[in-house]
Amino acid sequence: MSDQVVAALSGDPVGRPIAFTDADPYGEDLTIALHTLYELHYGGFDGVNPAWEWDPELLRLRAQVERVFLDALRSDVDGDDDLDANLDALLVEHVPGSGVSHHLRDDGTWEQMCEYFAHRSVYHHKEADPHAWVIPRLRGRAKAALVAVEFDEFGGGKADRMHSRLYADLLEGAGMSSEYLHYLDDVPAPAIAIVNMMSLFGLHRSLRGALVGHFAAAEITTAPSAHRMAQALARMDADPRCAEFFTEHIEADAVHEQIMRNDVIGSLLEQEPSLRADVVFGIQATEHLESRLAGHLLSSWSADESSLLRRLRWLTPQH
């Protein structure tokens with residue numbers, strides 16, 4: 001199916017249907033097909049007719065693919081409406097920790113760190129772009145508060161402080177390519193699925209509650225993991241540009257956590273209490289896909305295998 005999408009985009013829209021093929025909702029084919037379809041709403045592709053973005057047949061295919069992905073997410077989470085319990089659970093630090101940032105801090109190698117950078121590049125090249133789609137779907141205090149968080153994500157008006165730019169600096173500091181989506185062909189489905197979820201939630205007004213839940217989950221869980229990542233990079237004596245991305249998030253996201261929980265979610269649910277279960281769904285779906293990625297990374301590394309589709313062989317041994 002992804003081959004059909006890529007082949008179609010090499011020509012001009014002619015109103016010809018592209019066949020939907022049953023696929024694993026988390027598998028490589030569906031994930032790449034959906035990411036390619038969504039990318040038409042971001043930067044597009046060189047040499048691809050921009051009219052494809054709103055081609056009815058392509059949108060019909062996207063709707064079918066989205067339905068499979070969304071149905072899988074809904075069936076794989078608990079789906080309750082206990083918002084406080086789900087938010088509180090994000091703040092719990094398990095001791096001893098066994099996550100990716102714990103591994104990289106305590107035992108990780110430089111190669112594993114760079115693999116992690118490659119995985120996350122698919123997310124951080126976009127950073128808060130998918131979240132911006134929810135702005136016109138919010139009102140009052142919820143909108144103003146979310147825009148305040150977005151303002152920080154986009155560097156407070158300074159291009160060199162945009163978080164996507166800081167991640168590009170991180171990649172350059174690690175001796176990696178900072179080109180947009182450079183590592184997409186090296187990264188397997190688990191990392192890409194997270195970005196697809198963000199795009200899905202952002203592009204559909206009906207999923208605005210889920211997008212807010214996802215954004216809150218991301219902001220609440222970032223500061224502790226960013227602190228561990230900074231410790232890992234200090235242990236590895238990495239270029240300061242690598243650590244700067246994470247130290248920026250330690251302080252910023254600790255503040256964003258309170259804004260998202262009290263001002264964005266609180267105000268949204270005052271206005272639209274029926275969205276409570278959707279907010280919880282966004283939190284749970286985020287945790288579900290993040291857990292899938294963490295499982296892939298840790299199982300690959302514990303078997304002394306690369307977590308990428310192609311091992312990075314250019315790494316310098318001194319790290």
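**Exercise 1.** Find the helix that gives the most to the lining of the second largest pocket.

*Solution.* Helix H2 gives the most, with 4 residues. Helices here are DSSP runs of H or I with at least four residues, numbered from the N terminus. This is a predicted model, in which local features need pLDDT of at least 70, side-chain atom pairs count only at pLDDT 80 or more, and totals for chains, interfaces and linings use all residues. Residues are numbered from 1 along each chain as its sequence is written, and side-chain values use heavy atoms, without hydrogens and water.

**Exercise 2.** Describe the second largest pocket.

*Solution.* Start with the term: on a 1 Å grid over the protein atoms alone, where a 1.4 Å probe is used, a pocket is an open set of points with protein on both sides within 12 Å along at least five of seven lines, and lining residues have an atom within 4 Å of a point. Next, the volume is about 210 Å³, meaning the space filled by probe spheres set on the points, with grid points joined across faces, edges and corners. Residues lining this pocket include Val6, Ile32, His35, Phe45 and Asp185. Finally, sort the lining by class: 7 nonpolar, 2 polar and 2 charged. Ala, Val, Leu, Ile, Met, Phe, Trp, Tyr, Cys and Pro count as nonpolar, Asp, Glu, Lys and Arg as charged, and the others, Gly among them, as polar.

**Exercise 3.** Now do likewise for the largest pocket.

*Solution.* The volume is about 1300 Å³. Of its 48 lining residues, Thr221, Ser225, Arg228, Glu287 and Glu290 lie nearest the centre. H11 supplies the largest share, 12 residues. By class, the lining has 22 nonpolar, 17 polar and 9 charged residues.

Note on methods:
Helices (H or I, at least four residues) and strands (E, at least two) are DSSP runs, numbered from the N terminus.
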